[in-house]
Amino acid sequence: MWMSVPVILTLLQALAVLGRRVVVNWDVGYVDIDRDGYGSRRAIGVNGVLPIPPVRVTVGDTLALTVHNSLNLTTSIHAHGLFQKGTNYMDGAASTTQCGIPPGSQFTYEYVVQQAGTFWLHAHDHHQNVDGLRTPLVVYDRGSPPIKYDEDILLSFEDWYTETFTERVRITLDPSLPFPPPHGIGFGLINGINGNLTKPIHFQPGRTYRLRLINMSSTRWFQFSLPGHAMRVIEIDGMYTEPLDVDGVDIAPAQRYSVLVTAHSTSSYNYHFNATMYATFIPVEPGLSPRIFIGDIIYHQGAPFVQPGSYDDSFIWANDINLHALDQEPALPVDRSLELVIGISLYSTGQHLVHFNNITYAPPITPTLYTALGMGNMAMDEQVYGPQAHAIVLKHNEVIELVIYNPEDALHPLHLHGHTFQITEYGPTNGLGPNNATAFPVVKNNGIPAKRDTVVVQPYQYVRLRFRANNPGVWMLRCHMDIHFAMGMALTFIEAPEVLQKTQKVPPDMLELCAKQGVKTTGNAAGNQGLNFTGLPPVPTIVLREA
C-alpha cells in the first residue's frame, strides 16, 4: 500500500503532536584512545568521549541533533535505516543530499522519527564512522510493540584497527603500492569497549528479553549466539518479522537484528554468550582471525557456568530468505527490472576500483539532491547528475526489481537509503566472471518476503530485491564495507524528481553549509547549466577487468 505525499505530511504532523522534542548536542572532535589494547591512536568522538552514548527516542518524537564540527575536515551524520519521508535533505549523505558541515561550523538535523526499530547514527563524510563516529539509535514503539517482551538489552558490535581509515584508503588507492594491500586484522568492540572486557548481561528467571544486535563495523561480520538458550528473530533492519526460532544470527556490517530470549525458570546456573568477529576473505590466523569474544549471562552471582558446546550441522543460523514480514505484505508486482553487475577493475588512474555496470562512483561538486531540485525538467535526464554519480531516475510509485549479480570472490553488504526492500530470491551467477558458479542453488522466499535495508550479495551469486518508489528524493545504494565504498561501489536513485520539486525545500541554514565552501547549490553535478561538466575530474576508464 502506498500513500500520497499530502497524506504522508498529514501523518507526520499528527506524529509530531504526539511526540516530544529530543535534543542531542554533539561536538565532534578528535580523541586519543586505546580501544583494543594495542596502544592509543587518534579517533573521532563526541563531546570528548568515545564510545558515543546511544540515542533513544520514541516514534513520533522530533529528534534535534546539533552537530558542531571540531574536526579539520567536513562531516555529516546519517540516520541509518530511517526513511526520511518528506525530509530527504536530512539524510546526511555528504555530496548526495547536502554539503558536509565545514570545520568550525554546526548544523542541526531535525525531523520527526516515523519508524520503530533498531537503527544507528554514523558519519557519512570522509568515512569518519570507521574511526569512531557511530552509535546506536533505538526507536521505541509508541504504545505496546506488536510482539511482547519484558526488557530491552542493546548490544552493538564494531571492528577496530590500529591505523586510521585515511591510511587504509591511501594504501589501497595509491597506484605505486601493491594491490591488494595487506589485510588489517582488526579487533572487536562490544558496546564500544574491548570485546574481552564485555560487561555481563543479567537475566532474571522467566523474563523475556529483546536483544537488539547492531553491527556497526566497517569490514567484519559478527556471529552471535547464546548457547543453552532459544533465540527468536522478531526484527531485521527496523522491520518486524514473524517470529522465527534460530540458534544464532550472522550479522553483516550495517545490519541489525532483534531476537527474543526467554530466561530459564531457575537461577541455578550462569551461561555464556558468543560473539565471533570474522571475514571470509581474511586468512585464518589462530586467535586473530576469527576473533572469539565470550561474555557472561548472569542469573545468580557465584552460580556455576554451563560450558557451551561446539557448533554442528544442526545449528540453525538466521537467514533472511526464510523470514516473513510481520505486516504480511506479499511480493510486490514488478513494473521495471534493473540489472546491476558488480565488478572490480584496474583503471586508467592506476587504481583498482569497484563498479556497478562498469561505472565507478565519484561524488559530484553540487550535491545531487540540489541538482534534482533545481534543474526543472532536466532533472528527469540522468546525464545531468554527472558521469560518475551513476544516477538512475525512478518514476513515482513504480515497483522496482533489482537483480544484483556478484561474479567475484568478495561479498558485499549493500545498503539502500530511504527504503527497505523485499528479498525474494538468491541464486548463482551462472558463468558471469571468472568462475562458473553453477553449484549454488536458487533459493526463493516461500510466501511473504522479509524486508530490510541491507542485504549481503554472496560471491558468485545474485539477489533479487523489490521496492516501491514511494519516497521522492535522492537515495544512495552503496556497499557498507567502507573500503569498497571508497573504491567507488555506489550509485544514486533519483526518485520522482517532479514530485520532489513540488514537495520539499532545503532549509536555508543547510544551503549555507555549501556557501561557506564556495559550492553552488544549483545547476548540474558541476554546478553548471545543461550538460557542461567543466570542473569535474576526468572520468577514468577501465584498463583491465579483474572481475
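**Entry 1: salt bridges around D61**

I looked up D61 and found its side chain meeting that of R142 in a salt bridge, at 3.2 Å from N to O; the term stands for a side-chain nitrogen of Lys or Arg within 4 Å of a carboxyl oxygen of Asp or Glu. The model is a predicted one, in which local features need pLDDT of at least 70 and side-chain atom pairs count only at pLDDT 80 or more, while totals for chains, interfaces and linings use all residues. I note also that residues are numbered from 1 along each chain as its sequence is written, and that side-chain values use heavy atoms, with hydrogens and water left out.

Where do D61 and R142 lie? D61 is in the loop between strand 3 and strand 4 and R142 in the loop between strand 8 (134-140) and strand 9 (151-160), so this pair ties together parts that are 81 residues apart in sequence. Helices (H or I, at least four residues) and strands (E, at least two) are DSSP runs, numbered from the N terminus.

I then saw that D61 also forms a salt bridge with R20, with the closest N and O atoms 3.2 Å apart. That pair links distant parts of the chain, 41 residues apart, since R20 sits in the loop between helix 1 (5-18) and strand 1.

Is D61 buried or exposed? D61 is buried, with a relative accessible area of 1%, whereas R20 counts as partly exposed at 47% and R142 as partly exposed at 38%. For these words I used under 20% relative accessible area for buried, over 50% for exposed and partly exposed in between, with a 1.4 Å probe and protein chains only.

**Entry 2: other salt bridges**

I noted that a search of the whole structure finds 25 salt bridges. One of them joins D327 and K451, whose closest N and O atoms are 2.5 Å apart. D327 lies in the loop between strand 20 (291-298) and strand 21 (336-347) and K451 in strand 28 (residues 451-452), so the pair ties together parts 124 residues apart in sequence. I found D327 partly exposed, with a relative accessible area of 48%, and K451 buried at 8%.

The C-alpha atoms of D296 and P200 are separated by 4.7 Å, although the two residues are 96 residues apart along the chain.

**Entry 3: aromatic rings**

I found 12 aromatic pairs in the structure; rings of Phe, Tyr and Trp (its six-membered ring) pair if their centres lie within 6.5 Å, and planes under 30 degrees apart count as stacked, over 60 as edge-to-face and the rest as tilted. Y38 and F187 have ring centres 6.0 Å apart and planes at 65 degrees, so I recorded the pair as edge-to-face. Y38 is in the loop between strand 1 (21-33) and strand 2 (41-46) and F187 in strand 10 (residues 187-190), so the pair ties together parts 149 residues apart in sequence. F187 is buried, at a relative accessible area of 4%.

The rings of Y405 and Y462, with centres 5.7 Å apart and planes at 55 degrees, form a tilted pair. Which strands hold these residues? Y405 lies in strand 24 (residues 399-406) and Y462 in strand 30 (residues 461-468). Y405 counts as buried at 15% relative accessibility, and Y462 is buried at 8%. I also noted one aromatic cluster, formed by F157, F222, F224 and F273.

At W160 I found the charged end of R35 sitting over the ring, 4.6 Å from its centre, and R41 over the face of W160, at 4.2 Å from the ring centre. A charge counts as over a ring if NZ of Lys or CZ of Arg is within 6 Å of the ring centre and within 35 degrees of the ring normal.

**Entry 4: enclosed space**

Last, I looked up the cavities, and a search of the whole structure finds six of 30 Å³ or more. On a 1 Å grid over the protein atoms alone, a cavity is a set of points where a 1.4 Å probe fits but cannot get out, and lining residues have an atom within 4 Å of a point. About 90 Å³ of space lies in the largest cavity, the volume being the space filled by probe spheres set on the points. Its lining includes Y385, Q388 and L536.

How values were computed. On a 1 Å grid over the protein atoms alone, a cavity is a set of points where a 1.4 Å probe fits but cannot get out, and a pocket is an open set with protein on both sides within 12 Å along at least five of seven lines; lining residues have an atom within 4 Å of a point.
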